[in-house]
Structures are given as structure tokens and as C-alpha cells.
Amino acid sequence: MTQSIVLKGQTIRITADNKCGFCKGSTCCTYLTQKINAPRSMEDFDLLLWQISHQNTQVYKDSDGWFLLVNNRCRHLQDNGGCGIYDTRPQVCRDHDNDDCEFEGACGHDDFDVFFPDYESLLAHCRKRFKSWDQRFK
């Protein structure tokens with residue numbers, strides 16, 4: 001999607017090369033994702049419950065697989081939205097592709113095959129998937 005903005009009376013086309021300079025929230029620097037093995041067993045889901053019990057942690061599955069989503073701001077993100085270590089930033093930051101980023105809008109349910117925002121939603125899924133879930137410790 002091609003976007004443009006008007007700045008000081010001049011229309012500027014937003015491209016992948018200049019998009020980050022117009023981003024107000026630096027959303028991509030306020031979370032991290034970690035790919036995880038697809039959970040299959042009760043033990044796998046029990047581990048996910050432990051992980052999602054930690055503050056600001058969520059779980060999702062999309063076309064690329066299963067991920068932990070940790071909503072935690074990068075310590076190098078400056079108040080103006082810039083990177084405090086830009087010239088020496090890690091390779092994962094250098095490789096970041098902004099073609100499909102939050103600049104176009106926040107992620108929503110359409111972006112995920114499965115999304116667990118909290119412990120309770122994952123627990124409900126576990127109870128539905130495994131009929132003997134609540135008896136697993138007996």
C-alpha cells in the first residue's frame with residue numbers, strides 16, 4: 001500500500017526507505033517475539049501457561065509458526081523514537097523489514113491464526129483441547 005503525507009505543504013511519498021522516519025510510536029521497538037516449537041502435548045501447553053503467566057507475555061500462531069510475544073520496550077529506544085545505538089545495533093534490528101509493519105496500523109486478530117492475550121484464554125484453550133486437563137496432576 002502506497003501512502004503519502006503532507007508536510008509543510010509538500011506531499012511526501014512514504015517508502016520502505018523513509019517510513020521509519022515518520023513513525024510516531026516506534027512500535028516495532030516495544031516488543032520482541034521468540035519462535036517456539038509448536039505445542040502438542042499437555043506438557044507443552046503447561047509450559048506455555050508458565051510462560052504466559054509472566055507480565056506482558058502473550059502467545060500466538062501465524063503462518064510462520066508459534067511465537068512468544070513479549071511486550072517490553074527496547075532499552076535503547078529514545079524518547080524521540082530513534083535508536084540510541086543505531087550505528088552499532090544488533091543484526092536482527094538491521095535485518096528488520098518494515099514492508100508490513102505497525103506503521104500501517106496495529107496488529108489485529110486477522111494477523112494471527114491463534115492468539116492468546118493472557119493466561120485465562122490459554123487455559124480455556126487447554127481445557128477445551130484436552131478433556132482431562134484438570135486431572136493431569138492427580
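The structure is a predicted model, in which local features need pLDDT of at least 70 and side-chain atom pairs count only at pLDDT 80 or more, while totals for chains, interfaces and linings use all residues. Residues are numbered from 1 along each chain as its sequence is written, and side-chain values use heavy atoms, with hydrogens and water left out.

On helix 4, the buried residues are Leu122, Leu123 and Cys126; buried denotes under 20% relative accessible area, exposed over 50%, and partly exposed in between (1.4 Å probe, protein chains only). These residues lie on the same side of helix 4 because they cover an arc of only 100 degrees around the axis, the arc being that of the directions from the helix axis to the C-beta atoms. An α-helix has 3.6 residues a turn, so residues three or four places apart point the same way. Exposed residues Glu120 and Lys128 are carried on the face of helix 4 turned away from its buried side.

Two packed helices are described by the angle between their axes and the distance between the axes. For helix 2 and helix 4, the axes come within 9 Å and cross at roughly 170 degrees. Axes are lines fitted to C-alpha atoms, for helices over the stretch in contact, with angles running from 0 to 180 degrees between N-to-C directions. The two helices are therefore roughly antiparallel to each other, a term applied to angles over 145 degrees, whereas those under 35 count as roughly parallel, 65 to 115 as roughly perpendicular and the rest as oblique. Helix 2 contributes Phe45, Leu48, Leu49 and Ile52 to the contact, and helix 4 contributes Tyr119, Leu122, Leu123, His125, Cys126 and Arg129; contact means heavy atoms within 4.5 Å. By class, this contact has eight nonpolar, one polar and one charged residues. In this classification Ala, Val, Leu, Ile, Met, Phe, Trp, Tyr, Cys and Pro count as nonpolar, Asp, Glu, Lys and Arg as charged, and the others, Gly among them, as polar.

The largest nonpolar core has 15 residues, of which Phe45, Leu48, Val59, Leu122 and Trp133 touch the most other members. Such a core is a set of buried Ala, Val, Leu, Ile, Met, Phe, Trp, Tyr and Cys residues joined through side-chain atoms within 4.5 Å. At least two residues of this core come from each of helix 2, strand 5 (65–70) and helix 4, and helix 2 supplies the largest share, five residues. Beyond its neighbours within four places in sequence, Phe45 is in contact with Pro39, Arg40, Leu122, His125, Cys126, Arg129, Phe130 and Trp133.

Glutamine 51, in helix 2, is buried, with a relative accessible area of 17%. Not counting residues up to four places away in sequence, glutamine 51 touches Thr57 and Leu68. In the loop between helix 2 and strand 4 is asparagine 56, which has a positive phi of about 65 degrees although it is not a glycine. Asparagine 56 is partly exposed, at 47% relative accessible area.

Glutamine 58 belongs to strand 4 (residues 57–62) and is buried, with a relative accessible area of 17%.

Technical notes:
Helix = DSSP H or I, 4+ residues; strand = E, 2+ residues; numbered from the N terminus.
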